Amino acid sequence: MSQENILVSLDKVMVHYENGMPVLKNVSLSLQKKSFYFLTGESGAGKSTFIRLLYMGLKPASGHVEIFGKDVTTLASDEVCEFRQRIGVVFQDYNLLSHLTVLENVALPLKVRGESLKSREYQAKEILDWVGLGNCFNVLPDHLSGGQKQRVAIARAVITRPDIILADEPTGNVDEKIANKLMGLFYGMHKMGTCVVVATHYRQLIDKFNFSELAIENGNISVKNHRNGG
């Protein structure tokens, strides 16, 4: 694998629970640019931990994590913020701001980047229409269903067309029709060059799209390469 094609690299990474028990054990792997990975494993295996690690939400107990060619375990806080602008994250608990409308939540990453109000509202409306929430622009998150909140979170994660998208069980609270539509959105981002990592336990989804799989078991991660999806 050419070094210039590597977007994320983990070298002998260890992550522990607060009680000292290991979550990830001596993990070494690389994620390529323009790739798509399903992150799999039993409940509690460490899928959310792995996503937090890539989002720089936690630091490993040992080992090194390189993202965009830089060891992120040594970054200063302002540098972490800069790196995070290149990463879109869909959290399992949505992480929506309750005092902001759906439109404002989705447009927030563009506001952080300094885009004009007109530009960010136009882009937010466009993507909300796509995920089927065009009638919810001015609704507050507390008035949404779980599936609707999930779609808002996904729209917010992809609006900046980030280099990496990390999604933690993004189809867990939606029906099959919406799940397929959301996967179509992730697939479209992948085809435009974004590296996508989707954590899921939904085997039917994995088999349908058939991308490479990062399988977590007993603290280890193995890479299972399938035929190219799509």
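In this predicted model, V8 stands opposite I67, a residue of strand β4. This pair belongs to the contact between strand β1 and strand β4, the latter spanning residues 62–67. The two strands run antiparallel, and 5 bridges join them.

The strands β1 and β2 form a hairpin, with 5 residues between the strands. In this hairpin, the reader may look for G20, which takes a positive phi near 95°.

A further set of strands is arranged around β9, which comprises residues 212–217. Is this strand mostly covered or mostly uncovered? It is mostly covered, as 5 of its 6 residues are buried. The term buried is applied to a residue with under 20% relative accessible area.

Strand β9 pairs with strand β3, residues 36–40, in the parallel sense. This pairing comprises 4 bridges, and in it L39 has L214 of β9 as its bridge partner. With strand β10, residues 220–224, β9 pairs instead in the antiparallel sense, over 5 bridges. Here E217 stands opposite N220 of β10. The strands β9 and β10 form a hairpin with 2 residues between them. In the turn of this hairpin, N218 has a positive phi of about 55°.

The description now passes from strands to helices. Helix α3 consists of residues 102–112, and helix α5 of residues 146–158. Their axes come within 7 Å and cross at roughly 30°. The crossing in which α3 passes α5 is right-handed.

Which residues make the contact between these helices? On the side of α3 they are V102, N105, V106 and P109, while α5 contributes V152, A155 and R156.

Methods
Residues numbered from 1 in each chain as written. Predicted model: local features only at pLDDT ≥ 70, side-chain atom pairs only at ≥ 80, totals over all residues. Heavy atoms only, no water. Axes fitted to C-alpha atoms, helices over the stretch in contact; angles between N-to-C directions. Left-handed = near helix turned anticlockwise from the far one by under 90°. Contact = heavy atoms within 4.5 Å. Pairing = 2+ DSSP bridges. Buried < 20%, exposed > 50% of the residue type's maximum accessible area, 1.4 Å probe, protein only.
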